[in-house]
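Take a look at the model below. The text after it walks from whole chains down to single residues.

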Amino acid sequence: MNRTFISICLFSAVCTSAAAQRRDSSFVSPTVDTLKAAVVQTGRAKRSARSQTSLTVLDKTLLNKACFTLGSPDLLKTLQLMPGVASGSELMNGLYVRGGDGHDNLFLLDGIPLYQVGHLLGLFSTFNLDIIDDAGFYKGGFPARYGGRLSSVVDVSVRDGNYEKWKGQIAIGLIDGRLQIEGPIVKNKLSLNFSARRTWIDFLKILATPFAADEQSKRTIKGTGYNFYDINLKLTQKIQAGSKLSFSFYNGRDAGKMINLENIDETNFSLNWGNSLCGLKWEKDIIGDDLFLDTDIFYTKYNSDIIIDGFQHLDEENIFKVNEKNKGFNNDYGTTINLYCNLIRFNKIRLGGNYTHHYYNPFRDKTIDGINNSVNLKFNSEEVSIYAEDEVNIGSIASINAGLRYSSYYVEGQEYHYWEPRISARADVSDKLLLKASFSRTSQFSHQIASCNIDFPTNIWMPSTEKIKPMLATQYVAGLKWTMNLNLSVDIELWHKNLNYLYEYTGVNSFLPPINQWEQAFAEGKGRASGVDIGIEYKNNSIFATVYYTLSSSERFFPAIYYDWYADKNDNRHKLNLHCQYKFNRDFDMSASWIIHSGDRFSEASSIAWIYNGVYSTVVYGKPNLYKLPAYHRLDIGFNWHKQLRNKQSRTINLSIYNAYCHLNAVSAHIERKNNKIQAIAQGLIPIIPTVNYIYKF
Amino acid sequence: MKTTHNLLLSLTAGFLLSSCEYHFKISSPETEAKMMLEFVSGHQNDSCFFSLRKLVPIGQEPSMQSDYEIEHISLLANGEIIDIEEDLDFLSPIYYKCKVPNIASTKLELSFKAKGIDEISAHTTIPQKPEFDISILSYDEECCNCKLTIPAEKLFGHYALLAFFECNTLSSSCEEYDGRYWVRENIEAMEGQSIFQVQTFRFVNWKDHYKSKNYYVIDDSALETGEINFKLTHSVYGPDFLNNCLFKLYRMSDETYYYFNALYNAQNNALDNFNFLPSNCAYTNVRNGAGIMGSMASGEIIKTLPTRK
C-alpha cells in the first residue's frame with residue numbers, strides 16, 4: 001500500500017513539475033504529436049476508415065517518445081499500455097488483447113506476417129523504430145482486409161528512404177547499439193532505408209571473467225551468453241508517376257546459451273529463434289487517386305530451436321549421455337492484391353485477395369545413452385481469402401464500413417471455409433459527440449502450442465487439422481467519443497468477445513514443446529471476455545497526457561480441465577495507465593508512465609486434507625487460475641536532451657528509468673510449507689533499471 | 001569521456017546491486033471448507049471403494065478426517081439407487097463401499113451433502129473392457145521387453161497398464177488374481193514420456209486401507225498406431241518368482257485420464273513449482289468440490305515367460 005501511495009505521489013510530482021515548467025517555458029513546440037484514435041491518413045491507401053472503432057495509430061514521432069525499455073523505444077511496450085491489453089509476465093512482450101491469447105495477434109511488417117516479435121525473452125520487440133513510419137493497432141472492428149488472427153492487428157509500415165539526400169542515425173545504449181541510414185541510390189528514383197541493431201550483452205561477460213573465483217566459474221561464464229540482432233532494409237523505386245515498386249527485407253535472430261557443470265560433466269543448453277521475411281510490392285495508380293491497386297509477393301520464415309547436449313544425472317550411478325534437438329520451423333509464401341476504388345461518390349470500395357502457402361516442420365531428435373528417438377512432422381497447407389469492403393459516408397453525419405471476408409484453408413485433405421462479416425459505423429451526434437459500434441468475426445488457422453503456462457518464443461506453430469479446428473472469434477464493440485474542446489477528449493468503448501475452438505495443453509508439464517503430442521495432448525475449449533475501455537487524452541503544443549482505464553473479465557471453459565468456467569491467466573480485472581509527455585523547450589523533453597493492474601492468475605494448491613487421521617496430509621488443487629498475484633504497478637520515466645549540431649546534425653541523450661521506484665512486482669509464485677502452515681508465496685525479481693542511450697543524427 | 005565512463009559504471013553497478021528477490025504472501029482465495037470425492041469404479045475387481053474428505057483452505061489448520069456430518073448421500077447407476085455401506089469401522093465416514101455393475105455405458109451419478117458444506121455432485125460413464133495382446137520380445141536378467149497391441153478397430157479411449165510376476169507366497173506387496181499371488185512390476189516406456197506413473201495413493205484397498213496403488217498411464221500420443229513397446233523390471237527380487245506374468249490393461253473414462261494427468265503434473269512438477277504449471281493440474285469433475293468421479297474397465301492376460309537369455 002505504501003509503495004502504491006509513494007508511486008502515485010511520485011507520478012503526481014513528475015506531472016506537477018512538468019506542468020510548472022510549462023508555465024515557465026516560452027517555447028511552444030509546433031510538432032507534438034498525439035495518439036490519433038480513428039484518424040488517419042498515413043499513406044493514401046491505409047487506415048482511411050473514418051468509421052473505424054478500436055484503432056490506435058502511432059506515428060513515428062510518438063513512438064520515439066512513448067515507452068523506452070533499456071534505452072530503446074519499443075512498440076510493443078507502448079501497445080501494452082493501451083486499454084484492453086494485458087501484458088502477461090513482467091518484462092515480456094506479451095500482447096493479450098481483449099481476452100485473447102498471446103498468439104492471436106497479426107503482426108504485419110509492410111504487409112508481411114511476422115510470427116515472433118520478441119527479443120531477449122520479450123525485453124525488446126523485433127520492430128526497430130528507427131526505420132518505422134507508423135503503426136496501426138486494431139483491437140476490434142477489424143476491416144475485412146485483415147484476417148488470419150483472432151484478437152488484434154498490428155500493421156507496421158517501414159518508411160521509404162529519402163529520395164533527396166543521405167541521412168541517418170547511430171544510437172549507442174548500455175546493452176545495444178543501432179544504426180540507421182537512408183538516402184537516394186538514384187536521386188528521386190531509387191531510395192534505400194537500412195537499419196541494423198545488435199546487443200552486446202555477450203561482450204559483458206568478458207568483463208566478468210577476471211572476477212571468476214575458480215576454473216569452474218570461468219567455464220560457466222565462458223559457456224553462457226546471449227545476443228540478438230535484427231536487420232531491416234527497404235528499397236523503393238519510383239517507376240513513373242503514380243507507380244512504385246518496393247522491396248522489404250527483415251532478418252532477426254536471438255541466440256542464447258547456458259552451461260551446467262556437474263563435477264566434470266558439462267551440459268550445454270542453447271536456445272535460438274528468429275524471423276526472416278522479404279517481399280516485393282508494386283503500387284500503381286490506374287485513374288489517379290480514384291482507382292489504384294497494390295500487389296505483392298512475400299516470403300516469411302520463423303524458426304526456433306532448443307538444443308541440449310550433455311549428461312543427465314539420475315543419481316550418482318546412473319548418468320546418461322543426452323543429446324536433444326527440438327526445432328520448430330515454419331514458412332509462408334504468398335501473394336496479395338488490393339484494389340481501391342473511389343469513383344463512386346461517398347463510397348470508398350476496396351476489393352482484394354490473398355493466397356498463402358504454409359509449411360510447418362516441427363522436429364525433435366533425442367538420443368539418450370545411445371538410444372535414438374526422433375519425431376519429424378511436416379504439414380503443408382493453403383490459405384485463400386478474398387474480401388470486399390465499402391466505406392459509405394452519409395454526408396458529414398455518419399459513416400459505415402461494411403465488409404465481408406471469405407477465408408478457406410486446405411490441410412491434409414481437410415477443408416475449412418468461413419464467411420467473416422465485418423461492420424463498423426459511426427454517427428456524429430454533434431460537433432463534440434460521436435457514437436460508434438462495430439461487429440467482427442475472425443478466424444485463425446495456425447496455432448502456437450505451449451506445454452506450460454507461459455508463452456516462450458520457442459513455442460512451435462502448428463496447423464489446424466481434422467481434429468484441431470481453426471479458432472473463431474466474434475467481437476462486438478459500442479462506444480462514444482466526446483471531444484470537449486481542442487485539447488481534451490474522452491473515448492469509451494464497451495466490448496464483448498466470444499472465442500471458440502481454443503486449445504489448451506493437457507499433457508505432462510514441460511518447458512519443451514510437445515511435438516509428438518500434437519492433436520492428442522490438447523483439449524478443446526472456449527473463452528469469453530468483456531469489458532470497458534476508457535481513454536482520456538489531453539494535448540496542447542507542449543504536453544500530451546493520457547489516462548487509460550480498463551475494467552474487464554476474461555474466462556475460459558475447457559471440459560477436460562474443469563467442469564465450469566474459470567478465470568483466464570491474464571484476467572486483469574482493473575488496469576490503469578497514466579502517461580504524460582512534456583516538452584520543456586527545444587532541447588529537453590520528458591515522459592512518465594505509471595501503470596497499475598490487477599495481478600495475473602495462476603494455478604496452485606488451495607486446500608489441504610488429512611489422508612489418515614492427522615498422520616499424513618495432502619494439498620489439493622482448486623479451480624484453475626484461482627490464485628491472483630499481487631497487483632502490478634510501476635513507474636517509467638524518460639528524459640531526452642537534444643542538441644542541434646553543425647550541418648543539420650543533432651544528438652540526443654536519453655536517460656530511461658524502468659521501474660523508477662523499484663517496486664519488485666511478482667513474477668512467479670509457489671506454495672511453501674513454513675512453521676506447520678502452508679502459504680502461497682510470490683517472488684518479485686525485476687528492480688529499477690536505469691539506462692542511458694546516446695543518439696547521433698546526421 | 002571520463003564523466004561518461006563513470007556514469008556508465010555507476011549505473012551498471014546500481015543495476016546489479018539492486019537485483020534482489022522479494023517475497024509476497026498471498027492469501028488463499030478459498031475461504032470455506034469443501035468436499036473432496038475420490039471415486040474410480042473398476043479399479044478393483046469386486047467392490048468399489050471411494051472416499052469423501054473434508055478440505056480446508058490452505059493457511060488454516062487442517063481438520064481431522066471425520067470432521068463432517070452427513071446430511072445426504074446417493075449413488076445412482078442408470079437412475080437406479082445403489083446401496084452404500086458407511087459403517088466401515090474406524091474409517092467411517094471417510095471411506096465408503098458399494099457394488100457397481102461393471103457394465104459398459106452405465107452412467108453413475110453421485111451426490112453428497114455434509115452439514116454446513118456445499119453439496120457436491122459428479123457423474124461418469126463406465127467404458128468398455130479393452131481388447132489387447134501382449135508379446136514378449138525378450139527376457140533376461142535385467143528386464144523383460146514386451147509389446148502391447150490393441151486392434152485398430154478397438155483403439156479408442158485412454159489406457160493404463162499394470163504388470164505382475166507370479167510368486168509363491170502371499171506378502172503385503174502381493175495381489176490375488178485367479179487364485180494365485182502376483183507382485184507388481186515396474187514398467188518403463190522405450191520413449192521418454194509415453195508412459196507415466198501416477199501415484200494414486202488415496203485409493204483404498206479393503207483389506208489394507210492405507211495401500212497406495214500406482215498406475216502406468218499410457219500417454220494418448222503413444223498409442224496412435226495401437227502398439228507400444230515397454231520393458232518390465234523387477235521391483236522386488238525373490239527366489240519364489242514363477243515364470244508367469246499377468247498384464248492388466250485398463251480403459252479409462254476421459255475424466256479418469258485427465259485426473260491422473262493432473263495428479264502426475266502436480267506430483268512431478270518439472271517446472272519447479274513456479275506459476276508456469278499448466279491449468280490442467282487443477283482438474284476436477286466434481287461440481288462445488290474437488291477430486292474425481294471416474295471409471296475404468298480392465299482386461300487381463302497371463303503370459304508364460306520364455307527361458308531367460
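Chain B has an accessible surface of about 14300 Å², and carbon and sulfur atoms account for 48% of it. This is a predicted model, and every value here is computed from it. Chain A exposes about 27300 Å², with 59% supplied by carbon and sulfur atoms.

Now the make-up of each chain. Chain B is built with 2 helices and 20 strands. Chain A carries 5 helices and 44 strands. In chain B, the share is 52% of 309 residues.

Next, how the chains fold back on themselves. Take contacts in chain A between residues at least 6 apart in sequence: 65% of them join residues at least 24 apart.

L63(A) sits in helix α2, which spans residues 60–66. Is L63(A) buried or exposed? Its relative accessible area is 1%. The cut-off for buried is under 20%, so L63(A) is buried. What does L63(A) touch beyond its neighbours within four places in sequence? Its contacts there are L58(A), P73(A), L75(A), L129(A) and I132(A). D130(A) is 67 residues away from L63(A) in sequence, yet the two C-alpha atoms are 9.6 Å apart in space.

F698(A) has a relative accessible area of 31%, so it counts as partly exposed. Patch residues need over 30%, and F698(A) has 31%.

A patch of positive charge also lies on the surface. It gathers K60(A), K165(A), K167(A), K648(A) and K697(A). Where is K165(A) in the chain? K165(A) is in the loop that links β11 (152–158) to β12 (167–173) of chain A. At 43% relative accessible area, K165(A) is partly exposed.

Finish with the backbone. Two asparagines of chain A deserve a look. N188(A) is not a glycine, yet its phi is positive, about 60°. Where does N188(A) lie? It is in the loop between β13 (176–186) and β14 (190–199). N188(A) is partly exposed, with a relative accessible area of 38%.

N647(A) also has a positive phi, about 50°, although it is not a glycine. The residue lies in the loop between β40 (632–644) and β41 (650–658) of chain A. Is N647(A) buried or exposed? The cut-off for exposed is over 50%. N647(A) has 68% relative accessibility, so it counts as exposed.

Definitions and conventions
Residues numbered from 1 in each chain as written. Chains lettered and ligands numbered in written order. Predicted model: local features only at pLDDT ≥ 70, side-chain atom pairs only at ≥ 80, totals over all residues. Heavy atoms only, no water. Patch = residues over 30% accessible without salt bridge, like charges linked within 9 Å, V, L, I, M, F, W, Y side chains within 5 Å. Areas by Shrake-Rupley, 256 points an atom, 1.4 Å probe, with all protein chains shown as cover. Salt bridge = Lys/Arg side-chain N within 4 Å of Asp/Glu carboxyl O. Lys, Arg positive; Asp, Glu negative; His and termini not counted. Charge placed at Lys NZ, Arg CZ, Asp CG, Glu CD. Helix = DSSP H or I, 4+ residues; strand = E, 2+ residues; numbered from the N terminus. Buried < 20%, exposed > 50% of the residue type's maximum accessible area, 1.4 Å probe, protein only. Contact = heavy atoms within 4.5 Å.
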